[in-house]
Amino acid sequence: MSVAPEEPGAPVRVAVVGLGWAGRTIWLPRLAGHPAYRVTAVVEPDPAAKDSAPEDAEFLGDADLLEPRAVDLAVVAVPNHLHAPVAERLLARGVPVFLEKPVCLSVEEADRLADAERAGGAVLLAGSAAAHREDVRTLAEAAAALGPLRHVELSWVRAGGVPDGGGWFTDRRRAGGGALVDLGWHLLDAATTVLGGDTVFRDVLGSVSADFVNDRARTAGWRGGERPAGRGDVEDTVRGFLVTDAGVSVALRASWASHEAVDTTRITVEGAAGSATLTCTFGFSPNRRPARLTRTRDGVTTDVPLRGEPVGAEYARQLDLLPAQLLDPSARGAAAARARHTVSVVERLYASARAPRRDATEADATEADATEADGAASAA
């Protein structure tokens, strides 16, 4: 079993599993340019993708062909429905895994990942871009000075940015969901960063809609490719309202497309001693807002200084931390537990959104029946 580079200080030997948009655009170039890593293998079933792989890296068609002794870490960036199955097999064979979000699509998958991690003795690490953004970290620091927290509002609303992913991103069977699984996972990570990792949501209520998902004009052009028209069966917008066991309310909205002009991420934290608001744009869309953080107290709003950073810096920051995490015994089990917490909220939001609702006629009839029953009871 290989859990760290063979020699102290040697680069981490990495296999990139999946050369879709994320593997090809986010992870492969950052790994290739990072002195702490050496890409030794690329796994991709499409032979045409070999041109995108480093010349000196072994090109394999299946992750099961990876030799555990020849790799220190597998960065898994396959389509969503394969995240947990591929990572589970690698972990069970003793290969440490860094898994793109969504880490899994169900609580059951999270539990299987935890079992595989224990069985193979290899660590599971997970991507969490929002938690590694400098502006989100600064917001969390500002929130700590607001006294007891009362409410958090998080939104990521794109003007137009429905991902294509070769068609799988808008296919529920392969994606596991739409904007909630994609953008909402980041927002839930940001909420946990502000509220604390041990946050438990007592109440979860959600709604979804799909007004733009099959509008080809709303496709995320920066991702490339062309999404087939009229085939998506996932939501492009989710709205949720959650309450923690401590009584803090959380409002959440994630939209792949909208009638807005600029892609905007906004997080507001309200406390007994004031509020703080971060306005920026998560992700890689070129239709961006500059980051700004403000604090308001007693009717006075002031700016909180932010250090500027290039788009995508949060992904490089994660790579900076991975070598130490591979050697940290406390990392074992942590990613699976976090993923289980996040995906349980995702499941509850979807369950709420899909629950049958009584229409107005049914509600009126029920109320009338109840009133008639009350009257009969009073007469008796």
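**Exercise 1.** Which helix gives the most residues to the lining of the largest pocket?

*Solution.* The structure is a predicted model. Begin with the elements that each supply at least two residues of this lining: α1 (21–32), α2 (80–92), α6 and α7 (313–327). Among these, α2 gives the most, with 5 residues.

**Exercise 2.** Describe the largest pocket by its volume, its central residues and the classes of its lining.

*Solution.* First, the volume: about 910 Å³ of space lies in this pocket. Next, the lining consists of 49 residues, and those nearest the centre of the pocket are G20, W21, A22, A77 and W168. Finally, sorting the lining by class gives 25 nonpolar, 11 polar and 13 charged residues.

**Exercise 3.** Carry out the analysis for the second largest pocket, and state which element supplies the largest share of its lining.

*Solution.* The volume of the second largest pocket is about 530 Å³. Its lining comprises 26 residues, with A126, S128, A131, H132 and R338 nearest the centre. Two or more lining residues come from each of β6 (124–126), α6, α7 and α8 (334–354). The largest share, 6 residues, belongs to α8. By class, the lining of the second largest pocket divides into 13 nonpolar, 10 polar and 3 charged residues.

**Exercise 4.** Identify the residues that touch the most other members of the largest nonpolar core, and examine the contacts of L113.

*Solution.* The largest nonpolar core has 83 residues, and V17, V76, L90, L113 and V269 touch the most other members. Helix α6 (residues 179–195) contributes the largest share of this core, 11 residues. Apart from this core lies another, of 28 residues, which includes A22, I26, A57 and L326. Turning to L113, set aside the neighbours within four places in sequence; L113 is then in contact with A84, A87, E88, L91, L99, V103, C104 and L124.

**Exercise 5.** Are the faces of strand β1 covered or open, and how does β1 pair with β2?

*Solution.* Count the buried residues: in strand β1 (residues 12–17), 6 of 6 are buried. Then separate the two sides. V12, V14 and V16 lie on one, with R13, A15 and V17 on the other, and both faces are covered. For the pairing, β1 and strand β2 (residues 37–43) run in the parallel sense over 6 bridges. Within this pair, V14 stands opposite V39 of β2.

Terms used
Residues numbered from 1 in each chain as written. Predicted model: local features only at pLDDT ≥ 70, side-chain atom pairs only at ≥ 80, totals over all residues. Heavy atoms only, no water. Core = buried A, V, L, I, M, F, W, Y, C linked by side-chain atoms within 4.5 Å. Buried < 20%, exposed > 50% of the residue type's maximum accessible area, 1.4 Å probe, protein only. Helix = DSSP H or I, 4+ residues; strand = E, 2+ residues; numbered from the N terminus. Contact = heavy atoms within 4.5 Å. 1 Å grid on protein atoms, 1.4 Å probe; cavity = no way out; pocket = protein on both sides within 12 Å on 5 of 7 lines; lining within 4 Å. Points joined across faces, edges and corners; volume = space filled by probe spheres on them. Nonpolar A, V, L, I, M, F, W, Y, C, P; charged D, E, K, R; others polar. Pairing = 2+ DSSP bridges.
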